[in-house]
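Morning, everyone. I have one structure to walk through today. Please take a look at the screen.

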Amino acid sequence: IAGLGGSQTTPYDTPNEYLEKDYVRILDELGKKVESKNVRVIFAAHNPPYGTACDKIRSGANVGSKPVRQFIEKH
């Protein structure tokens with residue numbers, strides 16, 4: 001099981017917000033660990049992956065994380 005807490009920046013200035021570049025760096029490091037183990041992984045992240053039913057808000061806009069989506073697709 002691998003996880004990523006916090007979130008990318010929001011308009012609400014909540015604790016544990018990361019810039020997108022920092023999220024990418026963290027996920028790249030996590031990806032290297034996953035690849036080195038050569039195992040299946042359950043990934044839990046605070047941000048939903050971008051472009052999925054999980055990240056739609058009432059207006060229909062997608063507000064999820066592109067780096068999280070890329071990590072899931074890659075690993």
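This is a predicted model: local features need pLDDT of at least 70, side-chain atom pairs count only at pLDDT 80 or more; totals for chains, interfaces and linings use all residues.

Let's start with Y23. At 0% relative accessibility, this residue counts as buried.

Y23 has a ring partner, Y18. The ring centres of Y18 and Y23 lie 5.9 Å apart. Their planes sit at 40 degrees, so this pair is tilted. Is Y18 buried or partly exposed? Y18 is partly exposed, with a relative accessible area of 28%.

How many aromatic pairs does the structure hold? There are 2. The other one joins F43 and F71. Here the centres are 4.6 Å apart and the planes are at 45 degrees, so this pair is tilted too. F43 belongs to strand β4, residues 43-45, and F71 belongs to helix α2. They are 28 residues apart, so to speak, from distant parts of the chain. Both F43 and F71 are buried.

Now step back to the whole fold. The protein chain has 2 helices and 4 strands. In sequence order the pattern reads β-β-β-α-β-α. The C-alpha trace spans about 40 × 25 × 20 Å along its principal axes. Of the 75 residues, 25% count as buried. Take the contacts with a separation of 6 or more: 42% of them are between residues 24 or more positions apart.

On to the core. In soluble globular proteins, nonpolar side chains tend to be buried together. In this model, the largest nonpolar core has 10 residues. They are A2, L4, Y23, I26, L27, L30, V34, F43, V68 and F71. So Y23, F43 and F71 from our ring pairs are in this core. Which elements supply at least two residues each? Those are β1, residues 2-4, together with α1 and α2. The largest share comes from α1, with 5 residues.

Leaving out residues up to four places away in sequence, L4 touches Y23, I26, L27, F43, A44, A45 and H46.

Last topic: pockets. What is the volume of the largest pocket? About 330 Å³. Its lining has 15 residues. T9, T10, N47, V63 and G64 lie nearest the centre. Both β2, residues 7-8, and α2, residues 66-74, supply at least two lining residues. By class, that lining holds 5 nonpolar, 8 polar and 2 charged residues.

The second largest pocket has a volume of about 170 Å³. Its lining is V24, L27, D28, G31, K32, E35, P67, Q70, F71, K74 and H75. Which element gives the most to this lining? That is α1, with 6 residues. α1 runs over residues 20-37, and α2 also supplies at least two. The classes here are 4 nonpolar, 3 polar and 4 charged.

To recap: Y23 is buried at 0%, F43 and F71 pair up across 28 residues, and α1 gives the largest share of the core. That's it from me.

Terms used
Residues are numbered from 1 along each chain as its sequence is written. Side-chain values use heavy atoms; hydrogens and water are left out. On a 1 Å grid over the protein atoms alone, a cavity is a set of points where a 1.4 Å probe fits but cannot get out, and a pocket is an open set with protein on both sides within 12 Å along at least five of seven lines; lining residues have an atom within 4 Å of a point. Grid points are joined across faces, edges and corners, and a volume is the space filled by probe spheres set on the points. Ala, Val, Leu, Ile, Met, Phe, Trp, Tyr, Cys and Pro count as nonpolar, Asp, Glu, Lys and Arg as charged, and the others, Gly among them, as polar. A nonpolar core is a set of buried Ala, Val, Leu, Ile, Met, Phe, Trp, Tyr and Cys residues joined through side-chain atoms within 4.5 Å. Buried means under 20% relative accessible area, exposed over 50%, partly exposed in between (1.4 Å probe, protein chains only). Contact means heavy atoms within 4.5 Å. Rings of Phe, Tyr and Trp (its six-membered ring) pair if their centres lie within 6.5 Å; planes under 30 degrees apart count as stacked, over 60 as edge-to-face and the rest as tilted.
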